[in-house]
Amino acid sequence: MVPINYYIILSAILFTIGVTGVLIRRNALIIFMSIELMLNAANLAIVAFSSAIQSFSGQIFVFFVIAVAAAEVAVGLALIVEIFKSKRSIDVDQMNSLKG
Amino acid sequence: MTLDLALFLVLALVAIATALGLLMSRNAVYSALFLVLNFVTVAVFYLLLGAPFIAMAQVTVYAGAIMVLFLFVIMLLGADALPKTDVLPWQKPLAIFMAVILAGEAAFLLITKARPAGDILQPEAAINSMDNLRQLGMALFSDYLLPFEVTSILLLVAMVGAIVLTHKEKGAQK
């Protein structure tokens with residue numbers, strides 16, 4: 001069987017790539033996708049731990065995380081569309097004023 | 001090397017490569033498609049870990065619904081090829097340097113401090129997918145009933161919020 005450490009290291013690597021994406025990209029959509037990548041890495045770690053301790057609770061938490069991620073994407077993309085309508089750009093460097 | 005380990009290593013390479021592809025590609029559509037592939041590989045990891053329901057939910061909700069929404073927005077905005085803006089020159093190396101530190105720390109802490117077991121044992125019950133589904137359903141609708149209902153309200157609020165945000169009122173000034 002695969003040692004759980006491998007899953008944890010993979011999850012850490014994926015999470016770090018997501019963090020790097022948030023830090024170095026300026027496109028709001030790419031930043032959003034990197035956040036999804038981080039959620040996914042966390043889910044992978046949760047399922048690995050839940051499988052290691054032979055418990056179902058972890059899988060149920062992951063189920064809830066997926067539902068919350070879906071809700072987050074709906075609202076976030078609506079916000080990005082609105083920002084694009086007012087600024088004609090989704091570059092996060094352009095979003096420097098509270099008033100549209 | 002067992003079959004499981006070989007499968008894991010190949011899929012791990014694919015997952016990391018697609019995540020890097022998401023990070024590097026200039027075109028937002030390619031990034032979204034890389035992310036779809038990444039979600040599917042993670043779904044296969046869930047299958048390896050004995051969680052078939054989560055794997056299927058991952059494919060339908062993440063790779064299906066969420067990424068299609070992303071692609072719709074990318075194409076709606078025509079934002080697949082944004083003009084390059086001037087970036088701070090020191091930002092990228094600094095970000096990568098700090099990310100490497102974060103990865104090292106996270107892996108170190110997770111391995112040294114939180115070690116529940118050596119290998120992942122696959123119980124005979126969990127291999128049977130119908131059994132996994134039944135146990136998951138029982139737990140979801142007995143112990144976790146309140147969180148389940150709260151989640152349904154959260155989804156409703158998110159739907160209403162998205163409609164309110166993008167809805168244009170009649171007669172409102174632009």
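How many salt bridges are there between chain A and chain B? I started my notebook with this one, and the count is 0. For the term I used this cut-off: a side-chain nitrogen of Lys or Arg within 4 Å of a carboxyl oxygen of Asp or Glu.

**Ground rules**

I am reading a predicted model, where local features need pLDDT of at least 70, side-chain atom pairs count only at pLDDT 80 or more, and totals for chains, interfaces and linings use all residues. Residues are numbered from 1 along each chain as its sequence is written, chains are lettered from A and ligands numbered from 1 in the order in which they are written, and side-chain values use heavy atoms, with hydrogens and water left out.

**Entry 1: where the chains meet**

I looked up the contacts next, taking contact as heavy atoms within 4.5 Å. On this count, 69 residues of chain A touch 81 residues of chain B. The two chains bury about 7000 Å² between them, and 77% of that is on carbon and sulfur atoms. Buried area here is the accessible area (1.4 Å probe) that two parts lose on being put together, summed over both.

Which helix of chain A gives the largest share of the side that touches chain B? I found that α3(A) does, with 24 residues. Each of α1 (4-24), α2 (28-52) and α3 (57-87) of chain A supplies at least two residues of that side. Helices are DSSP runs (H or I, at least four residues), as strands are (E, at least two), and they are numbered from the N terminus.

**Entry 2: salt bridges in the whole structure**

One pairs Asp93(A) with Arg26(A), the closest N and O atoms being 3.4 Å apart. Asp93(A) sits in the segment after α3 of chain A and Arg26(A) in the loop between α1 and α2, so this pair ties together parts that are 67 residues apart in sequence. I checked their cover too: Arg26(A) counts as buried at 14% relative accessibility, and Asp93(A) as partly exposed at 39%. The cut-offs are under 20% relative accessible area for buried, over 50% for exposed and partly exposed in between (1.4 Å probe, protein chains only).

The other pairs Glu82(A) with Lys85(A), with closest N and O atoms 3.3 Å apart. These two are 3 residues apart in helix α3 of chain A, so about one helical turn separates them. Glu82(A) is partly exposed at 27%, and Lys85(A) is partly exposed at 40%.

**Entry 3: two loop residues of chain A**

Asn27(A) is in the loop between α1 and α2 of chain A. I see it as buried, at 9% relative accessibility. Its side chain reaches the backbone nitrogen of Leu29(A) at 3.0 Å.

Gln54(A) is in the loop between α2 and α3 of chain A. Its phi is near 60°, a positive value in a residue other than glycine. I jotted down for myself that most residues other than glycine have a negative phi. Gln54(A) is partly exposed, with a relative accessible area of 42%.

**Entry 4: chain B**

What does the secondary structure of chain B come to? I counted 7 helices and 0 strands. Of its 174 residues, 33% count as buried.

I then looked for a nonpolar surface patch and found one of about 680 Å², made by Leu23(A), Leu88(B), Trp90(B), Leu94(B), Phe97(B), Met98(B) and Ile101(B). Patches take residues with over 30% relative accessible area and no salt bridge, joining like charges within 9 Å and nonpolar side chains (Val, Leu, Ile, Met, Phe, Trp, Tyr) within 5 Å. Helix α4 (residues 91-112) of chain B gives the most to this patch, with 4 residues. Leu88(B) lies in the loop between α3 (52-77) and α4 of chain B, and at 45% it is partly exposed.

How values were computed. Areas by Shrake-Rupley, 256 points an atom, 1.4 Å probe, with all protein chains shown as cover. Polar contact = N/O pair within 3.5 Å; in protein donor to acceptor, adjacent residues only side chain to side chain.
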